[in-house]
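Dear colleague,

Please find below the structure that I am handing over to you. My notes on it follow directly after it.

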Amino acid sequence: MPTVAEESIDAFHSPYYLRPPERPKPRSWKEVLYDSENKRYCGRTVESWAKISMFYIIFYGVLAALVAICMWVFFQTLDPRIPKWTLDSSIIGTNPGLGFRPLPPEDNVESTLIWYKGTQHENYKHWTDSLDAFLAVYKVPGLTPGRGQNIYNCDYNQPPPKGQVCDVDIKTWNPCTKENNYSYHKSSPCVFLKLNKIYGWIPEYYNDSQDLPENMPTSLKTYIGEVQQTQSHKLNTIWVSCEGENPADQENIGPVNYLPIRGFPGYFYPYQNSEGYLSPLVAVHFERPKRGIIINIECKAWARNIIHDRKERLGSVHFELLID
């Protein structure tokens, strides 16, 4: 008969001498997907999968319905043509920017350099093709949704009636026309300017030649004075000036002409997001820029409520011109 000490030793060792439980045989992936013995798919019965599927169908259906209702309520608060936040309450603000065309190739988006050789068609082809694409909507009314029968021949004494938009006839802006290669082949290129659209913004014009800012170019002051004497009805215009940024650039830029007039006519404003509306344009013709040197050019739009900031490019646009 074992002693008390031997029984204690056996009791201590017995757990370590027990046979480990047998591991189940590994199942193949087919058995994991479908257990024919227990009639289970991926470890669950058909009834279990049906309940789970029904739950998620109802859950996501209700969730989608709630999202759709929220979106419907949200869109009821929006007007398709009138932005909710305008002017000072909007991110855009009340100071329109100025843009230029043509732009450099897309693979060099940070560049503002217009560079080509005037005698080589393939060299300036990018610039004329870019202008063709940009001006296509101005030549073919059907390319702009809603533009067609609502086009009105506006003038300073004939603002557009409600529901109609002013025409921008660029076909007569010679030499800045497609037929003339926008004068790029003559080393006297045309650059088109456009003022950014701001809903409801009304320009405050410089329409008095005796009350003009000191930093306005002398040539523009003279031009406004001539308009006041001969065509005073055209004074309600957002004036435009383009000149060299530095003294050397001002010497090299040469004569500059503006088509059809030196600014954006006031009858295009305020912008109301009317169907078929197109922004007015100004074609700037650099008649004899000096070749073989980079010319830094700054164009500005002039109105009492347009602020100029060269660092932030407010109310102005900068580009360079190089003709080899």
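**Disulfides**

Cys154 and Cys166 are both buried, where buried means under 20% relative accessible area, exposed means over 50%, and partly exposed lies in between (1.4 Å probe, protein chains only). Before going further, please note that this is a predicted model, in which local features need pLDDT of at least 70 and side-chain atom pairs count only at pLDDT 80 or more, while totals for chains, interfaces and linings use all residues. Residues are numbered from 1 along each chain as its sequence is written, and side-chain values use heavy atoms, with hydrogens and water left out.

The two cysteines named above form a disulfide with their sulfur atoms 2.1 Å apart; a disulfide is counted here as a pair of cysteine sulfur atoms within 2.5 Å. Cys154 lies in the loop between β5 (151–152) and β6 (165–166), and Cys166 lies in strand β6, so the pair ties together parts that are 12 residues apart in sequence. Helices (H or I, at least four residues) and strands (E, at least two) are DSSP runs, numbered from the N terminus. The link of Cys154 and Cys166 is left-handed, with -95° about the S-S bond.

By this rule the count comes to 3 disulfides. In the disulfide of Cys176 and Cys190, the sulfur atoms are 2.0 Å apart. This pair links distant parts of the chain, 14 residues apart, with Cys176 in the loop between β6 and β7 and Cys190 in strand β7. The torsion about the S-S bond of Cys176 and Cys190 is about -75°, so this disulfide is left-handed. Cys176 counts as buried at 2% relative accessibility, and Cys190 counts as buried at 0%.

A disulfide also joins Cys242 to Cys299, with an S to S distance of 2.0 Å. Cys242 lies in strand β8 (residues 237–244) and Cys299 in strand β12 (residues 295–302), so the pair ties together parts that are 57 residues apart in sequence. For Cys242 and Cys299 the torsion about the S-S bond is about 115°, so the disulfide is right-handed. Cys242 and Cys299 are buried. When the bonded cysteines of the protein are numbered in sequence order, the pairing is 1-2, 3-4, 5-6. As for Cys70, this residue is exposed, with a relative accessible area of 53%.

**Strand β7 and its partners**

Strand β7 (residues 190–195) is largely enclosed by the rest of the structure, because 5 of its 6 residues are buried. Two strands are said to pair if DSSP finds at least two bridges between them. β7 pairs with strand β3 (residues 98–101) in the antiparallel sense over 4 bridges, and the bridge partner of Leu98 in β7 is Leu195. β7 also pairs with strand β11 (residues 281–286), in the antiparallel sense over 5 bridges. Here Val191 stands opposite Val284 in β11.

In the loop between β7 and α5 (218–230) is Trp201, which is buried with a relative accessible area of 5%. The C-alpha atoms of Trp201 and Pro270 are separated by 5.4 Å, although the two residues are 69 residues apart along the chain.

**Salt bridges**

How many salt bridges does the count come to? The count comes to 2, a salt bridge being a side-chain nitrogen of Lys or Arg within 4 Å of a carboxyl oxygen of Asp or Glu. Asp129 forms a salt bridge with Lys125, and the closest N and O atoms are 2.6 Å apart. These residues, Asp129 and Lys125, are separated by about one helical turn because they are 4 residues apart in helix α4 (residues 121–139).

Arg304 forms a salt bridge with Asp211, the closest N and O atoms being 3.1 Å apart. Arg304 lies in the loop between β12 and β13 (316–323) and Asp211 in the loop between β7 and α5, so the pair ties together parts that are 93 residues apart in sequence. Arg304 counts as partly exposed at 36% relative accessibility, and Asp211 is partly exposed with a relative accessible area of 40%.

**Confidence**

The protein averages a pLDDT of 85, and 84% of the residues score at least 70; pLDDT is the predictor's confidence in each residue, from 0 to 100. Among the elements of the protein, β11 has the highest mean pLDDT (96) and helix α1 (residues 4–13) the lowest (55). Where pLDDT is low, the predicted coordinates should not be read in detail.

With kind regards
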